[in-house]
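Here are some notes for a first look. Please keep the sequence and the model open while going through the points.

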Amino acid sequence: MTATQSASPSAGSDVSLTLLLLKARTFIALIAVVAFFSFAAPNFLSTANLIIMSEHVALNAFLAIGMTFVIITGGIDLSVGSIVGLTGMVAGYLVLNGVAIDLLGYTVFFNTAEIVLITLAVGVLVGVVNGLLITRLNVAPFIATLGTLYVARGLALLSSGGATFPNLRGSAEWGTQSFPWIGAGSVIGVPVSIWILVIVGLGAAYLAARTPLGRSIYAVGGNERAAALSGLRVNRTKMFVYMFSGFCAAIVGLIVSSQLVASHPATGETFELNAIAAAVLGGTSMSGGRGRIGGTIVGAFVIGILSDGLVMMGVSSFWQTVIKGLVIIAAVVVDQFQQRLQQRIALQRQAALGR
């Protein structure tokens, strides 16, 4: 009996240490990939390369932040990549062509701020469609967003007949000359996209941790039926997360078209996979009810650094796809193991209290 009692604290401490390491897995993975590529890839830690990587990470981080809220509610948004392509084409079309009003015989051109607002509104509108399909028509999130994935991509192709909108440098006459600054500009040496990410990330983290809406998002994902019985507006919460996901995707569409000074309808293909990978790697549970914005952003850094590091090493794009797939699988497996370990610890504590 004495030997058993003395072994129990040691076993419990081992389990607690394992759980702690699992919770810190994203930071451990980040340190590991940075350390590996620092030795394996030349000039990996150069200032110029770090700036480029941070811009790439920002694009995935925006999508992953929106995806995190969706997954926490127990849903999924496969349409974000297509929203990126559609909103990029909307921005490019407005910069080049404006909106022709045939009945009045003239064309309305918008300045950069108005184009940004219209483009963001389009992203939110696609999110509204997703939300209505899921909450009003009871379509499964996977099917609903898969459908809007195709619809949004098709609309992007139709907007230009599959062609690119080139030379989006804007015009001083219409107040659009500042459009390229969104993606290529910088403030005190830091790219504008990073500043936007800081604002969106801090706002999302505050919303998740400090507001009633954030608590509703977690409650819906934890137990939707219980959330509804407790008086929470489940459908409104779901509508919000899909609208916010569309909003984040529209930001990416604006930034990409601004960086390239061109819009292409195929922009954003497979972006949703990177977003899901970053969210899951950052600790968001695919079963819902658990996730953190901070962890998601770290997960986006892991995915982004992994992608850029493999490119610098000259690894084939085909192998890069394989590696990303393995990362997603590993992240889900580790997440499931963490959940089982937490349940085990909870049962042990209940048993100890019952003695």
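1. Leaving aside neighbours within four places in sequence, which residues is Gly282 in contact with? They are Thr26, Gly295, Thr296 and Gly299. Keep in mind that this is a predicted model.

2. Look next at where Gly282 sits. Its place is the loop between helix H12 (271-281) and H13. Gly282 is buried, because its relative accessible area is 5% and the cut-off for buried is under 20%. Phe301 lies 19 residues away from Gly282 along the chain, and their C-alpha atoms are 9.8 Å apart.

3. Now follow helix H13 itself, residues 293-312. It has 20 residues. From first C-alpha to last it reaches 28 Å, close to the 28 Å expected at 1.5 Å a residue. Of the 20 residues of H13, 15 are buried, so the helix is largely enclosed by the rest of the structure. Just after H13 comes Gly314, with a positive phi of about 80 degrees.

4. Two residues other than glycine deserve a check of their backbone. Most residues other than glycine have a negative phi. Val261 has a positive phi, near 55 degrees. Val261 is in the loop between helix H11 (234-260) and H12. Its relative accessible area is 14%, so Val261 counts as buried.

5. Asn167 is the other one to check. Its phi is also positive, near 50 degrees. Look for Asn167 in the loop between helix H6 (141-160) and helix H7 (181-184).

6. Turn to a helix pair. Helix H8 covers residues 192-210, and helix H9 covers residues 212-222. Their axes come within 5 Å and cross at roughly 75 degrees. H8 is therefore roughly perpendicular to H9.

7. Which residues of H8 meet H9? Leu207, Ala208 and Arg210 do. On the H9 side, the partners are Pro212, Leu213, Gly214, Arg215, Ile217 and Tyr218. By class, this contact has six nonpolar residues, one polar and two charged.

8. Last, the confidence of the prediction. The protein chain averages a pLDDT of 88. At least 70 is the score of 94% of the residues. Residues 1-7 stand apart from that picture: pLDDT stays under 50 there. For residues 1-7, the model has zero contacts beyond four places in sequence.

Methods: Residues are numbered from 1 along each chain as its sequence is written. This is a predicted model: local features need pLDDT of at least 70, side-chain atom pairs count only at pLDDT 80 or more; totals for chains, interfaces and linings use all residues. Side-chain values use heavy atoms; hydrogens and water are left out. Axes are lines fitted to C-alpha atoms, for helices over the stretch in contact, and angles run from 0 to 180 degrees between N-to-C directions. Helices (H or I, at least four residues) and strands (E, at least two) are DSSP runs, numbered from the N terminus. Angles under 35 degrees count as roughly parallel, over 145 as roughly antiparallel, 65 to 115 as roughly perpendicular and the rest as oblique. Contact means heavy atoms within 4.5 Å. Ala, Val, Leu, Ile, Met, Phe, Trp, Tyr, Cys and Pro count as nonpolar, Asp, Glu, Lys and Arg as charged, and the others, Gly among them, as polar. pLDDT is the predictor's confidence in each residue, from 0 to 100. The expected span of a helix is 1.5 Å times one less than its number of residues. Buried means under 20% relative accessible area, exposed over 50%, partly exposed in between (1.4 Å probe, protein chains only).
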